[in-house]
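Good morning, colleagues. Please turn to the sequence and the structure, which I shall now put on display.

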Amino acid sequence: MLEQNLSGSKWEIFCVPVDYDTLDLVSNIAPGSICTFFTIAVRDDTNQLVRTVSFRLDHRPMYEAQYLLYRNSLGGLDTQSFLGEKDFDIEVQKSRAEIVQLSDYLNAFNMQYEAFTAKSFRSQKTKANTGWINKNTTDRLIDMFLDKQVYSPLGNKLIPVQIDTKTATLYKDITKLYNLTLEWALAWMDENFTLQNTVAQGSTCPAVFYFLATQIYGGKLHLVWKLEADWDKIEILYIVDGVTNTITLAGNSGETDIIIDNPATGTNHALKVKARTVCNDETAPFSYGPYTTLTMFTLLIRMTPVAIDDVSDETYRGTGVRKLQRLGANMEVLLNDLALNGGWGTFENFYDNLFAITAVSNNGATVVYNVDDTIDYTPSGASLAIVDEDFVLYRFNENIPAFGPLISNYARIKIPMKGQIPKVYVHIAYLNMQKTLKKYGFLNQYEQQDVYIDLYLQFFKDAAMTIPIDVTTFGLIIAYETWQDTTPWDYTGGPTLLPEVSLGISTVPAVGFSMPFLLNFHRINFTNLGLAGGVSVLQYQKLVPASGTGIWEEVM
């Protein structure tokens, strides 16, 4: 029962639309059912104020309906039916010419003209009325006037048509419903065709357009059907272990479930399903279309319950217990799992830990299942250092009445962490180097070479370096280390190579850029050419891994 409450004072008048569409009755009808009539009553708290009025819906198909299909602005095909008056005409266009027989002129000096048809074209023209339609439908018809792809279904073919109507009144401001009269012609002129494997509408009952029988529940058969446009009743035969059962359902399309056996006590069954269209059911005997038959298959009396993967909201990167969230509320892990045999689900265990409600996640965090179906998640310092998203596996039991528990598959709970740092791949896009050399001191025994390097770097998400990273909204840290080689000479002129010495690691932030990043280096090569104990010093830099959060990539 649908209720609409009104309040008013004495002598006040209310106008309440009660048609099928306004009341949105279709959304209150169970799948596979059809509304045949509805009743309207006006009551106060205790009394009926207006007599009850019933409305019976006319579901009879429109046998003489015409249809046009057109491509809408979103790319799909819309259908417009024409239920009103229709006219069908044939239009022939001819090209006429005249010729003169030369022999007539030479013999009788009389030029006789012979008229003939040089070329002729035939086209079928249709003029039809939409019947009463609402404003939303008329607005959508604008796409049909503008689009080149408009078709008329004839048998099993879509025949291109050309809309000849150039103007149409879409709606008026004083009415609620509208009707349009349109003219169109077949776009294929002078084209003769024979429909193959089709019959005229109404003369023979058609086959079912689409029919599917599957099992998605234990002991139940799930049926989905679609009939041809003008028909709205289907007969279904299901043969269980050789025993035939028949049901008749209303609706041009729909779905329904058939209970074959009880999951608690039944067994698997051999099943065969057939369906056909019911035509002219207002007269006896009925006429039927040909059967659509589905191959024999085994209907399982009990189906394995299905645990479905969950993804929690991002949780903060830090230690301490927290409840996993989904869409801002506490995540209930069993809420979207499927119990397929009429039972209810209870948590069974985490992976490889039988009957346990506590587990260790893939990254090493502690995970606990609570009796209110929520999950406590406690990261450790070690698990926070792992940048991959965390996860844990679980399964549940479906408790089937009068049978007992039936265990599900394992499903994954994914736990993304805030601030997870992805791996960054670095590419040296360009290298520019300039050198200077200067000498000084007595007899120019001191020599210093300065090397200035401009290094342009690009950053990518993948190892193939095809997906660039735009770091205009976050930062990267580039680390490099300065090393020094020192080679002194003794008084005899012999060199002594000393070990390399690190002068320390330096870091440069790369923030707020999207173009290649410029990094500058200054290298110094110093040489003392004096004979009394010379020395040469070489300094250089290289990008190196550094300590800290994240993944460091060494590039040179």
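How many disulfides does the structure hold? This is a predicted model, and it holds one disulfide. The bond is formed by Cys205 and Cys279, whose sulfur atoms lie 1.8 Å apart. The pair joins distant parts of the chain, 74 residues apart: Cys205 sits in the loop between β9 (181-186) and β10 (210-217), while Cys279 belongs to strand β15 (residues 269-279). Because the torsion about the S-S bond of Cys205 and Cys279 is about 75°, the disulfide is right-handed. Are these two cysteines, Cys205 and Cys279, buried or exposed? Both are buried.

I turn now to the aromatic residues. The structure holds five aromatic pairs. One of them consists of Phe82 and Trp184: the ring centres are 4.9 Å apart and the planes stand at 50°, so the pair is tilted. This pair also links distant parts of the chain, with Phe82 in strand β4 (residues 77-82) and Trp184 in strand β9, 102 residues apart. Phe82 counts as buried, at 0% relative accessibility, and Trp184 is buried too, with a relative accessible area of 2%.

Phe347 and Phe350 form an edge-to-face pair, because their planes are at 65°, with the ring centres 5.1 Å apart. Phe347 and Phe350 are both buried. Which residues do ring pairs link into a cluster? They are Phe347, Phe350, Tyr369 and Tyr394.

Finally, I come to charged side chains over rings. Lys274 lies over the face of Tyr291, at 4.2 Å from the ring centre. Arg276 lies over the face of Tyr288, and here the figure is 3.7 Å from the ring centre.

Definitions and conventions: Residues are numbered from 1 along each chain as its sequence is written. This is a predicted model: local features need pLDDT of at least 70, side-chain atom pairs count only at pLDDT 80 or more; totals for chains, interfaces and linings use all residues. Side-chain values use heavy atoms; hydrogens and water are left out. A disulfide is a pair of cysteine sulfur atoms within 2.5 Å. Helices (H or I, at least four residues) and strands (E, at least two) are DSSP runs, numbered from the N terminus. Buried means under 20% relative accessible area, exposed over 50%, partly exposed in between (1.4 Å probe, protein chains only). Rings of Phe, Tyr and Trp (its six-membered ring) pair if their centres lie within 6.5 Å; planes under 30 degrees apart count as stacked, over 60 as edge-to-face and the rest as tilted. A charge sits over a ring if NZ of Lys or CZ of Arg is within 6 Å of the ring centre and within 35 degrees of the ring normal.
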